[in-house]
Amino acid sequence: AGALDVTAVRADFPILTESVNGEPLVYLDSAATSQKPRVVLDAERAFLEHENAAVHRGAHTLAAEATESFEDARAAVARFVGAGPESIVWTSGATSALNLVAYAIGNASIAGGPLALTRGDEIVVTEAEHHANLIPWQQLAARTGATLRHIPVHDDGTLDLVTAADLIGERTRIVAFPHVSNVLGIVNPVADLVALARSAGALTVLDACQSAPHLPLDLPALGVDLAAFSGHKMLGPYGIGALYGRGEVLDALPPVLTGGSMVTTVTLDAAEFLPAPQKFEAGTQPVSQAIGLAAAVRYLDHLGMQNVHERERVLEKRLRDGVRSIPGIRLLGDTDVADRVALCAFDVDGVHAHDVGQVLDARGIAVRVGHHCAQPLHRRFDMTATVRASASVFTTEAEIDTFLDALSGVRAFFGVRR
Ligand code: PMP
């Protein structure tokens, strides 16, 4: 596969023909949720129209077909992240995947055993966490008496690895961090953090929400123990995501939700559980959504993730250079030392982020404003809210230029002169 054909890609996304406020939609909010190509919509619909039945149950033909499609979807999503199907647990999204891990370790802490946390144990996160990879650890720490510590972020948005090396030690049991921050767009040094965690004997948990849609991802090669990603951010449906886990780690984690479909023998007093991934998938799963997500990763594979990454690097450079050249704008994580995805968040001096968002919206441009579920990171930079623009496979140079043109007029519009 060669370079990305953006015109062809755009034709795959039905929503791109929409107008907003009389202007063609310029969708620069893919980091919040991605748009969906027709193949994803078609896959869900085709399944529901032709194959829908309860999976892993029933002896009838339709149920067997549904089960096969569902398990094919797991295999496709697993392959996309370089893993085997047994290491992919379906969840409703990244938030539920990360909570699943934290609650499972909480259960292990009650039962005792190698994964149990006790008072004095430490959980290490970063200052650049999405709340979904922070609050579950706060809650787990509170339940077990463990202490939560954090790796600070430098002024340029990169992680302070010197402090990380000091912080991660004998008492560290878990190191949780984002592959790519949803505010900074910087690709974090996974190998360095995994090496630190390994030498301390700590479990690594990667939040891969913002990397999975944008760069080639090989979770076993990265060496993390557990990872979470979300369907709706990677051209797939809502209500589906996954927890990836290394075999031994998933085996050692106790289940959280219990009930049907995750058991072998059940008596009135006790139950025996199926092996992973089934032991984490109690109840009816989001089957059509899983099939939609498989269509999304097949679509991304067809584009080629290296092509996607290279294309988005071009867009990223245009976006960040353009934003940086507008007077009165302060970018978060403005560094060239690291690899990046096409996302940037910034403050416009003298204008509230929500007002910036409104001016852009009047021209059909969709961006995200607020703290992007990363309040500690915003506090780190003395901000409460920023504007975030994020691109995708269908974003054009012309769209970036339209955004930059609108953005360059914002301060004058609000009468800010400084
Ligand atoms: N982590 C990061 C870095 C994210 O960007 C998001 C989505 N905002 C999440 C976690 C949570 O994902 P979801 O809302 O799909 O569960």
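UniProt, in an unreviewed entry, places the feature "domain: Aminotransferase class V" at residues 26-403. UniProt positions follow the numbering used here, feature names are shortened, and annotations may be inferred rather than shown by experiment. Residues are numbered from 1 along each chain as its sequence is written. This is a predicted model: local features need pLDDT of at least 70, side-chain atom pairs count only at pLDDT 80 or more, and totals for chains, interfaces and linings use all residues.

Back to that span. The end C-alpha atoms of residues 26-403 lie 8 Å apart. The span is 39% helix and 17% strand. Helices here are DSSP runs of H or I with at least four residues, strands are runs of E with at least two, and both are numbered from the N terminus.

Next, the domains. The assignment gives domain 1 (6-30 + 304-410) and domain 2 (43-301). Those bounds come from an automatic or database domain assignment. Over C-alpha atoms, the centres of the two domains are 28 Å apart. The contact between them takes 24 residues from domain 1 and 22 residues from domain 2. Contact means C-beta atoms, placed from the backbone, within 7 Å.

What supplies the side of domain 1 that touches domain 2? α11 (305-324), β14 (343-348) and α13 (375-380) each supply at least two residues. α11 gives the most, with five residues. By class, that side has 13 nonpolar, five polar and six charged residues. For the classes, Ala, Val, Leu, Ile, Met, Phe, Trp, Tyr, Cys and Pro count as nonpolar, Asp, Glu, Lys and Arg as charged, and the others, Gly among them, as polar.

Now the ligand. 15 residues surround it, and the closest are Gly93, Thr95, His130, Asn182 and Ser230. The test is a C-beta atom, placed from the backbone, within 6 Å of the molecule. By class, the shell has five nonpolar, nine polar and one charged residues.

On to the core. The largest nonpolar core has 126 residues, and Val77 and Val101 touch the most other members. Helix α10 (residues 287-303) gives the most to this core, with ten residues. The core draws at least three residues from each of domain 1 and domain 2. A nonpolar core is a set of buried Ala, Val, Leu, Ile, Met, Phe, Trp, Tyr and Cys residues joined through C-beta atoms within 7 Å. Buried means 20 or more other C-beta atoms within 10 Å of the residue's own, exposed means 12 or fewer, and partly exposed lies in between, with C-beta atoms placed from the backbone. Leaving out residues up to four places away in sequence, Val101 touches Val205, Leu226 and Leu243.

Last, the backbone. Most residues other than glycine have a negative phi, and most peptide bonds are trans. Asn21 is not a glycine, yet has a positive phi of about 50°. Asn21 sits in the loop between β1 (19-20) and β2 (23-24). Buried or exposed, which is Asn21? Asn21 is exposed, because 10 other C-beta atoms lie within 10 Å. Cys373 also has a positive phi, of about 55°. Cys373 is in the loop between β16 (368-370) and α13.

The peptide bond from Ala276 to Pro277 is cis, with omega near 0°. Pro277 is in the loop between β12 (271-273) and α10. Gln278 is found in the loop between β12 and α10. Gln278 touches Ser261 and Met262, not counting residues up to four places away in sequence.

How values were computed: Contact = placed C-beta atoms within 7 Å.
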